[in-house]
Every structure is written in C-alpha cells, then in structure tokens.
Amino acid sequence: MKDFDHLMSVWQEQPKKDQLSVDDALKQVKKGMSGLSRKLFWNITGMAISLAGIFVVMVFFVFNSWVTYLGIFIILSTMVLYVIMMIRDYRIINKQDITINPADYLQDLKEYQKNRAKVYGGLYYLYVCLISGGLLLYFYEVLQSASTMFKILAYTLTTAWLLFCTFYLKGRFVKSEQDKLNLMIDRLIRLQNQFD
Amino acid sequence: MAEKEIVFKQIFEANSKKIFHLCYGYTGDDDAANDLLQETFLKVWQNLDKFRNQAMISTWIYRIAVNTCLTYLRSEKRQAKDELTPLIAETKIEEVSEKTEQVALLYKCISKLEESERIIITMVLDELPYPEIAEISGISEGNLRVKIFRIKQKLTELYNQYERL
C-alpha cells in the first residue's frame, strides 16, 4: 500500500516533459496576437468594402423613386447592424476577465453563451426580413424596365436563395451551433457545481 | 529587447513548468498541455500591463491557467477526461523505466478525478501553499482543506487499485 507521500515523490521526480521553450512561447504569443488582429481586420475590411460598394451605388446611380433609396437604406442599415453586433461580440469576449475566480468566470461564460444563443436565434429572422424588404424595394424600380421573364427570374432566384439560407443553411448552422452551445453550457454547469 | 519581452521571459521561465504540470494533469496529453500552456501565456501577455501591481504573480498566472483549462471545450474530439487512457495504453510498458511507469500511472489516476479535483491536486503535488490554492480556486480555505483531504484519499486509493492490476 502506497501513501500520498509516495505519490508526492513520484510527482516531484517526474522526468521533464517536452515543454514549449521560452523563445517558441514568445514567438507563438506574437503570432497569436497578430492572428487575432488580422482576423478582426479582414472581417471589418470585408464589411467596409461591401458597405462602400452599396454606398457608391446609392450616390452614383440616379434612381427616380424614393422607394429604391429606401431599399438601399434598409440594406445598408442591416449591414451596419451586423457590424455593430460583430463589434459588440468582440468587446464582450475581450471584457471577460480570466483572472477572476473560476466559479465567477464560469458563471460569466454561461451567461455569455446563453445570450449568444438567444440573440443569434431571433436576430437572424430580423436580418432576413430586413434584407428581403430592402431587396424588394430596390428591385421595384431597378427591374421596372426589364422583361417579365427577367423579373420572374430575379425574384425567383432571390426568394429561392433566401429560402435556402433560412431553411437549409440556417437550420444546419443553428443546429451545430446550438449543439455546441448546449454541450458547453452543460459542461460549464457541471464544472461550476464542482467549485461550489 | 523591449521591456515587456524581458518581463514575459522571466515570468515564463519561473512559472511554465508548474503551469505545464497543471495543464498536463488536466488533459493528460502533451500536445494539448502545450496548447493550453501557450494559450495561458498568450493571455498573460495580453494582460501584462494590468497585473504590474499585483503582489503574487504566480497566483495571477495560475488563475489564468485554471480558467483556460476549464474552458478547454473543444470537446467533440478532445474530452480531457477520456484522453489519458488511450495514451497510457499505447505506451509500451517494456520500453519505459519504472519511474516513468509510476508517473504514467499517477497521471492515469489523476485523469479519473473530476476536473476541479485534477486542478487542485496538481497544485497540491507542486506544493503550492494552501492559502494560494484557495485564492486561485476561489474556494474558502476551510472548505479547501476538506476537499484536499478527500482528493488525496481518492487519488491514493486509485493509485493502489491500479498498481495491483
């Protein structure tokens, strides 16, 4: 029968593992930092280019009807809303204090995961409704002089795309996201109970 | 070299071994432990300015490491608890010395504990003072002593049980 002191001596005499060297750690840390900033940079740049594109259409193309401008305005506002959500998320993730005690930290994470699940569930429908509304208003004038065939084709393709996103892509995305979130929340609850 | 880099290097040299033990005890896997070690020190780097005036640097780093381990949630493929067993099973017994075998057995037993127990016991094994463990884990010292007593018993029982097999 071995006692705990024996385990202690086994632990303390354990051979050194292949551990990250200080120079590698520093290199990785710097790489990690620039990776994070780069990802955020490309996200924001992508959105900014799209916004600028729509803005150019709005300013340089002359439309006769205010309905078209309203459509473009709705699409632009929706994209701005998306950027705001992206920045909000980024700020929330950065605000999480990893130096607080584990029980509080897990509680924070749990709240965050729940909020994210809730917000993204409802927000998607708002996003699709706004984009669809915006596109409908935009097409109203733009397609006025087009042939009936082209109009039918444009509306059908747009509707099909939105339906495909809502009922196929979103379903798959939300399911995998929800499964992951549920797994995370379950695990966070279990972990939190261990610290009570 | 920038001052921040010098400070970081000093902190890394002084703490990385124990933090690696904590991460390895939690995951039971070299690569995963190195990933967590790296992630911990990335957070240390990000928060280095915030912590300049803290009295106990090791407590602060341990907290980051504990929270990083707890959110090690890439769980579909890497369930920390189940990971050690196949790793140990793959180790060819005849190739390892008795000491390595004992260490592997000890890690196997640690992997059978609850996550919080794994974290606490690695700090006990690394001889961190109880008030510091209490501070890191956010558990009152009295409660922690009871917990540690139970974990020690559980780990010793597991070790003896597996050693007989």
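This is a predicted model: local features need pLDDT of at least 70, side-chain atom pairs count only at pLDDT 80 or more; totals for chains, interfaces and linings use all residues.
Local features need pLDDT of at least 70, side-chain atom pairs count only at pLDDT 80 or more, and totals for chains, interfaces and linings use all residues. Residues are numbered from 1 along each chain as its sequence is written, and chains are lettered from A in the order in which they are written.

**Exercise 1.** Compare the radius of gyration of chain A with that of a compact globule of 196 residues.

*Solution.* Start with the rule, 2.2 Å times the number of residues to the power 0.38, with the radius taken over C-alpha atoms. Next, look at the C-alpha trace, which spans about 90 × 35 × 30 Å along the principal axes of chain A.

**Exercise 2.** Describe how α5(B) packs on α8(B).

*Solution.* First, take lines fitted to C-alpha atoms over the stretch in contact, with angles from 0 to 180 degrees between N-to-C directions. Helix α5 (residues 98-111) and helix α8 (residues 141-164) of chain B pack at about 125°, their axes 9 Å apart. The pair is therefore oblique, the class left after under 35 degrees (roughly parallel), over 145 (roughly antiparallel) and 65 to 115 (roughly perpendicular).

**Exercise 3.** Is Glu127(B) buried or exposed?

*Solution.* Count other C-beta atoms, placed from the backbone, within 10 Å: 20 or more means buried, 12 or fewer exposed, and in between partly exposed. Glu127(B) has 10, so this residue is exposed. Now check its backbone: phi is positive, about 60°, although Glu127(B) is not a glycine. Most residues other than glycine have a negative phi.

Notes. Helices (H or I, at least four residues) and strands (E, at least two) are DSSP runs, numbered from the N terminus.
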